[in-house]
Amino acid sequence: MGKGLGRYLLYRILLLIPLLFGVSILTFLLVRLGDSSPAVMVAGPTATLEQIQDIEAEMGLDRSLPEQYWTWLTDAAQGDLGTSWMSNRPVTEELWEKLPITLELIGFGIVGAIVFGVVIGVASAVRQRGLVDQVLRIVTLAGVSIPIFWGALLMIAFFFTVLGWAPAPLGRVERGLELPPHITGMLVFDSLVSGYYATAMSALAHIALPALTITLITGATIAKQARAAMVETLGSPAVRYARACGMSERGVVWLAFRNALPDLIGFFGITFSLALGGAAISELIFSWGGLGQLGLEAITNADFAVVQGFILVMGLLTAAIYLIADLLVAAIDPRVKLQ
């Protein structure tokens, strides 16, 4: 089993190479084929045509697209994603700085979404066509139908403006508090480990609303999938046989959940990609200052290097999560052939 899983891992990693190569090409072309030019942005509105052309030559934008792509690809393979014209800092440095901030937000949001979605989905499937099922399906439908930006604004309006329970949506921590030493870049973890408990409490209060937004929106999608998977397994011959043999209802539900788990784990990978998109919008609304906000601001300012690096990192994260999900499914599901 161990050797088979190792071969399966190698096979899946090899499949990622053409996928990431395709992502890099699409990223490069989408950025380059837009109307905005970083040379125009850098030169300013009063620049002459000659000044713009000089800046384009300095940035390598006067070369052909294949030459530009090859230069960027070879540099990216060595960890050099270029320099941001906005901040004049290496893109790799900026992305590495912002990545833990986004991962912290997604971590809280996606864990909450999985717990919320699985509990709601299982409860709805167990109480099919009952009052509980109808109420939970309405809640799920509402969560799926609400756009992430609208959900974030509703959270702010209700919990901050009306109730006053949440802090102002302006960053990750209350201003004036002492920040902990940098360990992981995740403020809650670093504060707790370093003993900065006041900072940790403030960070938890600030992360609550953006994480709750991701939890409810993506959790509703998980709930729909969990309900569908549980309904299918509850009606399977194995579960019917277990019930006929006198297994308790709790045991029947647990058996059905175990049989549905491989499908759910595979869907969790899809949910992570949804959470990445939701986190980018949530970061912008809550002034979170993470990877998503960096990418959206780079798109607005035609900062090609940052946009390319941002999309590439998002692709790598998504591919890594899909790979982990596939490995978990392969480890627990005997129906998956490990070749």
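Helix α7 (residues 148-162) supplies the largest share of the nonpolar patch, four residues; helices here are DSSP runs of H or I with at least four residues, numbered from the N terminus. The model is predicted, so local features need pLDDT of at least 70 and side-chain atom pairs count only at pLDDT 80 or more, while totals for chains, interfaces and linings use all residues. Residues are numbered from 1 along each chain as its sequence is written, and side-chain values use heavy atoms, with hydrogens and water left out.

The patch lies on the surface and is formed by Phe149, Trp150, Leu153, Leu154 and Ile281, which together have about 450 Å² of accessible area (Shrake-Rupley method, 1.4 Å probe, with only the protein chains shown counting as cover for residues). Patch members have over 30% relative accessible area and no salt bridge, and nonpolar side chains (Val, Leu, Ile, Met, Phe, Trp, Tyr) are joined within 5 Å; a salt bridge is a side-chain nitrogen of Lys or Arg within 4 Å of a carboxyl oxygen of Asp or Glu. Tryptophan 150 is found in helix α7.

Turning to helix packing, α9 (residues 197-234) and α11 (residues 249-285) meet at an angle of about 150°, their axes 8 Å apart (axes are lines fitted to C-alpha atoms over the stretch in contact, and angles run from 0 to 180 degrees between N-to-C directions). This makes α9 roughly antiparallel to α11, a term for angles over 145 degrees.

Helix α10 (residues 237-244) also packs with α11, at about 165° and with axes 10 Å apart. That makes α10 roughly antiparallel to α11.

Notes
Helices (H or I, at least four residues) and strands (E, at least two) are DSSP runs, numbered from the N terminus. Angles under 35 degrees count as roughly parallel, over 145 as roughly antiparallel, 65 to 115 as roughly perpendicular and the rest as oblique. Patches are made of residues with over 30% relative accessible area and no salt bridge: like charges are joined within 9 Å, nonpolar side chains (Val, Leu, Ile, Met, Phe, Trp, Tyr) within 5 Å.
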